[in-house]
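Reader: Hi, can you walk me through this protein? I'm new to reading structures.

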Amino acid sequence: MRVVSWNVNGLRSVHRKGFLPWLKGARAQVVAVQEVRARADQLPEEVRAPPRWKTHFVAAERPGYSGVGLFCRLEPDDVTTVLGIGELDVEGRLQIARFGKLTVVNGYFPNGNGKDRDLSRIPYKLTFYRRLFERLEKPLRDGHRVLVVGDFNTAHQDIDLARPRENRETSGFRPEEREEFDRWIRAGWVDTFRHFHKAPGHYSWWSQRVGVREKNIGWRIDYVLASPAAMAYVQKAGIHPDVLGSDHCPVSVDLDPAVR
């Protein structure tokens with residue numbers, strides 16, 4: 001069973017760049033997308049409801065902003081989309097979908113930069129991290145099988161970005177953001193990619209400046225975190241930088257089908 005996560009940086013945009021052929025060939029049972037930037041009724045029909053896929057979308061109240069979506073081979077048993085804090089829920093950043101014994105949490109974690117890259121959104125970002133952590137504490141403690149996938153907007157360690165020294169004061173690599181990520185790991189969540197791949201040079205986001213992606217000057221800010229109970233079924237994890245169409249690339253995990 002393959003679960004894939006991809007910040008598409010506009011689903012309508014990536015559709016024009018070959019999203020549906022990629023989806024068809026992804027060999028995935030669940031594809032979680034972030035930064036949809038559209039309401040479901042604004043998406044082309046072939047994207048909103050591709051043949052043999054079940055879909056679910058959550059949009060931000062602000063037009064053309066944020067938003068998450070799920071493409072699933074099987075209908076989820078249920079989907080929750082709110083954390084119970086209005087200022088968080090209006091941005092359409094969350095889906096918690098249950099498939100039998102497996103729960104997939106699709107999160108588009110906020111960026112800490114304000115409109116002028118002034119770090120003013122870091123408190124908001126940390127509130128989202130903490131509220132979701134609290135929401136998942138009991139499932140984690142009770143031994144449930146949970147994957148948290150998405151754009152976390154944080155590079156966890158020096159190894160997770162090409163130029164750590166130059167970015168220590170940049171949102172996405174500031175100490176308070178990394179500490180919040182550390183809290184998840186200390187609680188027992190497993191960074192599935194790092195479990196299998198210890199080497200540097202693996203990134204999931206690149207600036208759109210000319211030549212940056214070709215030189216692999218990137219950040220690893222897209223993750224699949226697994227609860228220990230889910231990790232027991234994870235067979236491999238991957239990052240797919242060859243997939244173009246967004247400034248991010250997809251990340252994935254393959255699991256024993258018995259996880260469900």
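Author: Let's start with the whole chain and then go to details. Keep in mind that this is a predicted model.

Reader: OK. How many helices and strands does the protein have?

Author: The count is 8 helices and 14 strands.

Reader: And what is its radius of gyration?

Author: It is 17 Å. A compact globule of 260 residues would have one near 18 Å, so the value agrees with that. Of the 260 residues, 55% count as buried.

Reader: Now the open sheet. What is the strand order?

Author: It runs β5-β6-β7-β8-β12-β9, with mixed pairing. β5 and β9 stand at the edges. Each has a single partner strand, so one side of each has no neighbour in the sheet.

Reader: How do β7 and β8 pair?

Author: They pair in the parallel sense, over 7 bridges. Tyr108 has Asp151 in β8 as its bridge partner.

Reader: What does α6 touch in the sheet?

Author: Helix α6 packs on the sheet and touches β8, β9 and β12. Its direction makes about 25° with that of β12.

Reader: Switching topic. Where is Thr154?

Author: Thr154 is in the loop between β8 and α6.

Reader: Is Thr154 buried or exposed?

Author: Buried. Its relative accessibility is 0%, and buried means under 20%.

Reader: Which side chain does the Thr154 side chain join in a polar contact?

Author: That of Lys125, at 3.0 Å. Beyond its neighbours within four places in sequence, Thr154 also has contacts that include Glu177, Arg178 and Phe181. Tyr129 and Arg220 are among its contacts too.

Key
Residues are numbered from 1 along each chain as its sequence is written. This is a predicted model: local features need pLDDT of at least 70, side-chain atom pairs count only at pLDDT 80 or more; totals for chains, interfaces and linings use all residues. Side-chain values use heavy atoms; hydrogens and water are left out. Helices (H or I, at least four residues) and strands (E, at least two) are DSSP runs, numbered from the N terminus. Buried means under 20% relative accessible area, exposed over 50%, partly exposed in between (1.4 Å probe, protein chains only). A polar contact is a pair of N or O atoms within 3.5 Å; within protein, one must be able to donate a hydrogen and the other to accept it, and residues adjacent in sequence count only if both atoms are side-chain atoms. Contact means heavy atoms within 4.5 Å. Two strands pair if DSSP finds at least two bridges between them. Axes are lines fitted to C-alpha atoms, for helices over the stretch in contact, and angles run from 0 to 180 degrees between N-to-C directions. The radius of gyration is taken over C-alpha atoms; the globule rule is 2.2 Å times the number of residues to the power 0.38.
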